[in-house]
Amino acid sequence: MRVATWNVNSLNARLEPLKEFLETRHPDVVALQETKIEDENFPEKFFKGMGYNCAFKGEKGYNGVAVLSRFEFDAVEKNFDWIENGQKRLIMVVVKGIKIMNAYFPHGKMIGSSYYKFKLDFIKKLGEYLKNYVSNALIITGDFNVAMERKDVYAPDIMQYSIGFSDAERKALKELYNTGFVDLFRMFNEEGKQYTWWDYRANSFKRNAGMRLDYIWATKKLAEKCRSCHIDKEMRSKPKPSDHAPIIADFEI
DNA sequence: ATGGTGGTAAGACCA
């Protein structure tokens, strides 16, 4: 079973690259973030035609999450208003007996801002919710908007004072992680300078000035069945890319 | 590299 995640930065703008991704990578389940599309306009038939069932929750212009799956959904849960405060950031599905939480964490804007406090609160509440399920087969994936370690950012000494790598954000994410997850990418690759996001500006991709903000985490027993996990950097190098690269994980399931 | 680019939507806002 192949699971992927990708912040597409607008589904409409990324339909062609996403089509190519599905046709060449053959994922079974794909978690998408920043779809920026309301449910009535979601191109469900387009994906159905490619063999994917769709679960989605979106809004116009901002946020929005979706899951594409070759397997039937055993369940779809969208009611996380107490965590996301009306923003469309969380959708959870069950496929093949595995719970998959697809999350688009808040950006936080500026350290100390109300957006920042909302981000920290979001991570805390999400952790409290997922704690109930960590003894089972559970995946949390998506754009977490926080880099975990110094080697996950291109300039750690400077960036510890900027959004996405501040102490409080890293601490909050570490607490969520320590409830019982394994970072699948780090199971196979301990090297630094392995990023999932590069700013569109300032030639960041060519300079590899990026951050590792996107993850696929699995609970421990499920992680033991993971055979590979890599960042699909090629999708970031193509024309009209998202600013994020997909991540792909393969399970012996 | 404190400026840059890109998406949405029609002037800013968000990332």
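Strand β3 (residues 53-57) is paired with β4 in the antiparallel sense, over five bridges. Keep in mind as you work that this model is predicted.

**Exercise 1.** Work out which strands pair with β4, and whether the residues of β4 are buried or exposed.

*Solution.* 
1. Now look at the two faces. In a regular strand, side chains alternate between the two faces of the sheet. In β4, V65, V67 and S69 lie on one side, A66 and L68 on the other, and all of them are buried, that is, under 20% relative accessible area.
2. Conclude: five of the five residues of β4 (residues 65-69) are buried, so the strand is largely enclosed by the rest of the structure.

**Exercise 2.** Describe the protein surface around DNA strand B, and find which parts of the DNA its side chains contact.

*Solution.* 
1. Sort the residues near DNA strand B: eight are charged, five polar and five nonpolar.
2. Pick out those that come nearest among the 18: S10, K60, K109, R201 and K240.
3. Check the DNA side. Sugar or phosphate supplies 63% of the DNA strand B atoms within 4 Å of the protein, and bases supply the rest.
4. Inspect single contacts. K109 places a polar side-chain atom 2.9 Å from a phosphate oxygen, and for R14 the distance from a side-chain N or O atom to a phosphate oxygen is 3.4 Å. R201, in turn, has a side-chain N or O atom 3.0 Å from a base oxygen.

Methods: Residues numbered from 1 in each chain as written. Chains lettered and ligands numbered in written order. Predicted model: local features only at pLDDT ≥ 70, side-chain atom pairs only at ≥ 80, totals over all residues. Heavy atoms only, no water. Buried < 20%, exposed > 50% of the residue type's maximum accessible area, 1.4 Å probe, protein only. Helix = DSSP H or I, 4+ residues; strand = E, 2+ residues; numbered from the N terminus. Pairing = 2+ DSSP bridges. Near = heavy atom within 4 Å. Polar contact = N/O pair within 3.5 Å; in protein donor to acceptor, adjacent residues only side chain to side chain. Nonpolar A, V, L, I, M, F, W, Y, C, P; charged D, E, K, R; others polar.
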